[in-house]
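Trainee: I am new to this structure. Please take one part and walk me through it closely.

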Amino acid sequence: MDYDVIIIGSGPGGYVAAIRAAQLKMKVAVVERAEPGGICLNWGCIPTKALLKSAQVFDYLKHAQEYGITVSGEVKPDFSSMVARSRTVAEGMSKGIQFLFRKNNIEYLKGFGRLKGTGNVEVQDSEGNTRTYTTPNIIIATGARSKELPNLKQDGRKIIGYREAMTLPELPGSMVVVGSGAIGSEFANFYQMLGTKVTLVEFLPRIVPNEDEEVSKQLERSFKKSGMQIMTGSSVESADVSGGKVMVSVKTPGGNQLIETDIVLSAVGVTTNLEGTGLEEAGVKTEKGKVIVDDFYRTSVKGVYAIGDIVHGPALAHVASAEGIICVEKIAGKEVTPLDYGNIPACTYTSPEIASVGLTETAAREAGYDIKVGKFPFTASGKASASGSKDGFVKLIFDSAYGELLGAHLIGANVTEMIAELVVARKLETTAHEIIKSVHPHPTMSEAVMEAAAAAYDEVIHL
């Protein structure tokens with residue numbers, strides 16, 4: 001065999017699996033047709049956060065007077081420089097992956113990889129040349145791409161996906177964003193902060209519909225305060241690109257509306273990259289565009305594994321990484337525990353940020369729990385007041401019987417950095433009493449976690 005394991009795809013699932021396999025003394029190769037690091041590092045998680053940071057700095061400067069700072073002259077966004085910075089950040093991260101491959105003696109095979117019979121991976125380079133490599137273990141980690149709606153075909157110019165949204169040649173005057181999940185909300189927030197007139201359209205009754213209802217309402221208030229137009233319970237019926245502008249027909253609860261805009265961003269989710277990978281020919285079973293796997297990511301074909309966005313579960317980078325580690329450790333014969341998908345944090349990097357883990361209040365009640373709910377607003381936080389970021393709250397949900405933390409839902413500045421405490425707490429089966437009695441530093445945003453727990457038990461001090 002040429003390798004102990006070959007991984008097709010170098011995103012946060014693939015490259016992490018490769019490094020862990022190398023640490024376990026396996027001979028590893030990674031096949032990648034695009035840039036090392038996959039969509040996340042190059043066209044997703046990392047460059048979008050760079051763009052959002054630029055918009056946040058711009059927003060700070062616009063409100064500098066509130067912090068006692070006088071800025072002379074007009075503060076204007078340099079959109080092309082923001083885009084260039086985000087690309088530089090992404091390129092640096094991608095180079096970092098290449099360094100890690102070299103450090104861990106992982107062979108990087110540039111090209112398109114596909115299964116070619118038992119234990120064989122065929123790699124086709126950009127010139128059409130092919131070579132077949134042998135291995136007893138193949139991990140498919142090909143990820144996903146922007147999903148297209150039948151009535152909203154992307155042309156890359158007027159109707160775009162998230163990839164084009166990161167590299168527009170100029171700042172649009174107006175934009176309709178279709179879909180208010182993490183991707184749609186982040187881009188809507190980014191462009192709104194820079195001065196684009198944004199309309200956010202969501203088919204479901206509320207934005208960020210997977211989040212706790214109170215979190216959704218808070219984000220909607222914050223977005224509307226910034227001037228964004230929100231259309232929930234609505235759907236885009238058509239988009240006419242024949243003129244200079246895009247004429248978007250939106251079906252709303254109150255009837256059809258016609259919106260004139262420069263750009264339409266379709267952010268209605270992702271679809272898996274399974275085409276041409278040879279899975280069907282190899283007999284690997286799929287369902288609704290996802291590969292069927294067991295708890296250790298084994299497919300229906302011996303020696304073939306799948307991780308990340310192409311399997312059932314949250315399409316999140318940190319989930320793919322965890323799956324990759326579990327997968328290769330199982331291949332290596334280690335004692336492995338299946339991933340607990342009920343304790344996966346979700347983060348949305350809007351302003352204010354959203355972070356959550358576990359059950360929402362509605363889901364907890366529907367599951368039959370008798371619950372205690374504690375909520376602490378950042379308006380009562382000294383650190384939030386000092387930093388000028390008082391929007392949002394921490395909401396914790398406990399099982400009344402045992403004090404078990406069932407769910408945590410945060411919205412506010414830097415809450416994506418705070419959620420890990422609650423993920424660990426749930427992992428360790430920490431009770432509300434233990435959170436309340438764990439001394440949190442003052443003044444910090446994280447004090448709100450302790451205060452929210454105390455609020456659930458009528459012990460809150462600062463409300």
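Mentor: Contact here means heavy atoms within 4.5 Å. This is a predicted model: local features need pLDDT of at least 70, side-chain atom pairs count only at pLDDT 80 or more, and totals for chains, interfaces and linings use all residues. Residues are numbered from 1 along each chain as its sequence is written, and side-chain values use heavy atoms, with hydrogens and water left out.

Start with Glu186. Glu186 sits in helix α6 (residues 182-194); helices are DSSP runs (H or I, at least four residues), numbered from the N terminus. Glu186 counts as buried because its relative accessibility is 8%, and buried means under 20% relative accessible area (1.4 Å probe, protein chains only). Setting aside residues up to four places away in sequence, Glu186 touches Thr48, Lys49, Leu52, Cys347, Thr348, Tyr349 and Thr350.

Now turn to helix α3, residues 45-62. Helix α3 packs with helix α4 (residues 79-103) at an angle of about 145°, their axes 8 Å apart. Axes are lines fitted to C-alpha atoms, for helices over the stretch in contact, and angles run from 0 to 180 degrees between N-to-C directions. On the α3 side, the contact is made by Ile46, Pro47, Ala50, Leu51, Lys53, Ser54 and Phe58. On the α4 side, the residues include Met82, Val83, Arg85 and Met93.

Cys40 lies in helix α2 (residues 38-43). Cys40 is buried too, with a relative accessible area of 11%. Beyond its neighbours within four places in sequence, Cys40 is in contact with Pro12, Cys45, Ile46, Pro47 and Ala317. Cys40 and Gly143 are 103 residues apart in sequence, yet 9.5 Å apart in space, C-alpha to C-alpha.

Terms used. Helices (H or I, at least four residues) and strands (E, at least two) are DSSP runs, numbered from the N terminus. Buried means under 20% relative accessible area, exposed over 50%, partly exposed in between (1.4 Å probe, protein chains only).
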